[in-house]
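Biologist: Please take a close look at one part of this model, the annotated site, and go on to the fold around it. I would like the cut-offs stated as you go.

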Amino acid sequence: MTEGRFPEGFLWGVATAAYQIEGAVAEDGRGESIWDRFSHTPGKVYQGHTGDVACDHYHRYRADVEEMARLGVGAYRFSVAWPRIFPQGRGQANPKGLDFYRRLIDALRERGIVPVVTLYHWDLPQALQERGGWAHRDTAYRFADYAAYLFDRLDEAVPYWITQNEPFVVAILGHVTGEHAPGLQDPMAGFRAAHHLLLSHALALQAYREGGRRHGRIGITLNLSPVEPAGDDPEDEAAARRLDGLLNRWFLDPLFRGAYPSDMVAHFAGLGLPLPEPPQEEMRAIAAPIDFLGVNYYSRQLVRHEPGEPLMAMRQVEGPLPKTAMGWEVYPEGLRRLLERLRHEYTGELPILITENGAAFDDAVSPDGAVHDPARVAYLRDHLLAVSRAIDDGVPVRGYFLWSLMDNFEWAHGYSKRFGVLYVDFDTQARIWKDSAHWYRRVIEANAVVD
Ligand SMILES: CO[C@H](O)c1c[n+]2c([nH]1)[C@H](O)[C@@H](O)[C@H](O)[C@H]2CO
């Protein structure tokens with residue numbers, strides 16, 4: 001394959017998530033989510049922004065699907081809002097919630113766009129949080145019930161299912177740093193949540209495999225990054241190994257080796273965090289075969305040893321490379337290296353989908369009415385070239401989902417960070433194609449990186 005070209009049938013897509021784009025948070029029976037609660041809690045989100053309206057996708061989905069068709073994407077990755085399906089997280093289902101996703105999926109299929117459905121993208125029903133949330137084992141079983149409910153009713157039309165989006169972020173930012181909902185700062189709750197998220201994946205996987213004739217493929221999405229020492233001090237290298245152990249291996253090892261990384265278990269035990277030995281049958285279920293691994297890649301992590309930092313004895317440092325509006329280094333080579341590592345250490349010939357890759361930049365509408373975003377075009381081009389090189393080296397990458405279709409609610413940053421290839425004017429809800437959208441359309445058409 002010549003550099004920059006992609007295999008026949010490569011899946012080109014865009015990605016979004018329910019709470020970030022839908023709005024209509026109290027419409028048609030939807031229940032409250034932890035992000036509704038968190039975003040309405042003063043001081044948690046930039047300038048008090050919430051997902052109450054977001055991109056109003058709940059009402060504008062047909063027009064948004066038309067934009068996807070104009071882009072020429074073959075697939076669309078979106079998430080189902082659990083609180084629309086089960087407003088209390090369990091018990092009584094909400095038919096109007098399911099109906100919205102049926103209409104969305106029908107609109108996609110009418111335009112030849114494959115739905116790729118993420119079951120959980122952070123919007124836990126608040127009622128389940130009040131029963132303990134992900135730190136409570138029962139939530140994993142409620143997730144499996146929710147997943148089975150959707151499998152039984154939507155599987156005929158959904159070729160790809162993703163159980164969890166980024167369990168690391170849910171566990172650590174939601175339960176240890178407190179930057180995300182539910183805003184806890186309790187390391188033991190974080191470790192319990194991490195295990196219950198993996199358990200929920202395992203239980204949903206069992207429900208999929210055992211639930212009679214199923215038509216699709218099922219996997220999980222992890223946020224993964226190369227972790228590098230900021231200097232050549234052996235202590236910095238050890239710190240990098242520790243962050244790699246928590247960010248990457250804490251999830252990859254259970255999924256592909258059936259056990260938590262022993263060096264990290266020992267590290268936390270040494271801190272007086274004796275993690276309970278998980279039942280072996282749970283670890284076996286977590287390691288059950290999946291059909292693909294979803295990889296979200298944005299940048300690398302650069303770390304130094306920091307003796308005073310209580311959990312990891314490390315601190316992340318700013319690197320020298322050009323950065324996006326999030327302050328993340330632009331490091332496309334990291335994506336190629338990550339994919340090579342995955343193939344050699346974990347996934348082998350298992351198909352990989354890049355389920356998120358993209359960048360935020362300070363976009364603005366120019367006097368000519370266009371949105372010129374050369375930095376995003378350059379970011380996307382270089383990362384697609386990295387994917388193409390990995391494929392040429394034999395890594396079985398089967399698809400790429402650009403984050404994101406359109407500017408949306410960027411969690412604690414609210415609407416201050418724009419990741420879309422479509423600019424959203426949140427006052428009018430107008431969608432304006434950025435130069436990167438025109439470029440991405442040409443990439444898809446050519447099935448290759450273009451200038
Ligand atoms: C380190 O970045 C993470 O992997 C990551 C980045 N992102 C994500 N995870 C989430 O899956 C999306 O909901 C975010 O909107 C998106 C952009 O921030």
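Modeller: UniProt positions are given in the numbering used here, with feature names shortened, and its annotations may be inferred rather than shown by experiment. For "active site", the UniProt record, an unreviewed entry, lists E356. The model is predicted: local features need pLDDT of at least 70 and side-chain atom pairs count only at pLDDT 80 or more, whereas totals for chains, interfaces and linings use all residues. Residues are numbered from 1 along each chain as its sequence is written, and side-chain values use heavy atoms, with hydrogens and water left out.

E356 belongs to strand β10, residues 352-357. Helices (H or I, at least four residues) and strands (E, at least two) are DSSP runs, numbered from the N terminus. E356 counts as buried because its relative accessibility is 5%; buried means under 20% relative accessible area, exposed over 50%, and partly exposed in between (1.4 Å probe, protein chains only). Beyond its neighbours within four places in sequence, E356 contacts A15, R77, H121, N165, E166, V295, N296, Y297, Y298, F401 and W403, where contact means heavy atoms within 4.5 Å.

Strand β10 is also part of a barrel: eight strands close in the order β1-β2-β3-β4-β5-β7-β10-β11, with parallel pairing. From one strand to the next, the twist averages 25 degrees. Two strands pair if DSSP finds at least two bridges between them. Strands β1 (residues 11-15) and β2 (residues 75-79) pair in the parallel sense over three bridges, and G13 has A75 in β2 as its bridge partner.

Helices pack on this sheet. Helix α5 (residues 95-110) touches β2 and β3, and its direction makes about 170 degrees with that of β2. Helix α9 touches β4 and β5, at about 165 degrees to the direction of β5. Axes are lines fitted to C-alpha atoms, for helices over the stretch in contact, and angles run from 0 to 180 degrees between N-to-C directions.

Helix α8 (residues 167-175) is mostly covered, with nine of its nine residues buried. Among them are P167, F168, V169 and V170. The buried residues of α8 pack against β3 (114-120), β4 (160-165), α9 (187-210), β5 (217-223) and α10 (234-257). To sum up the annotated site, E356 is buried and sits in β10, one of the barrel strands.
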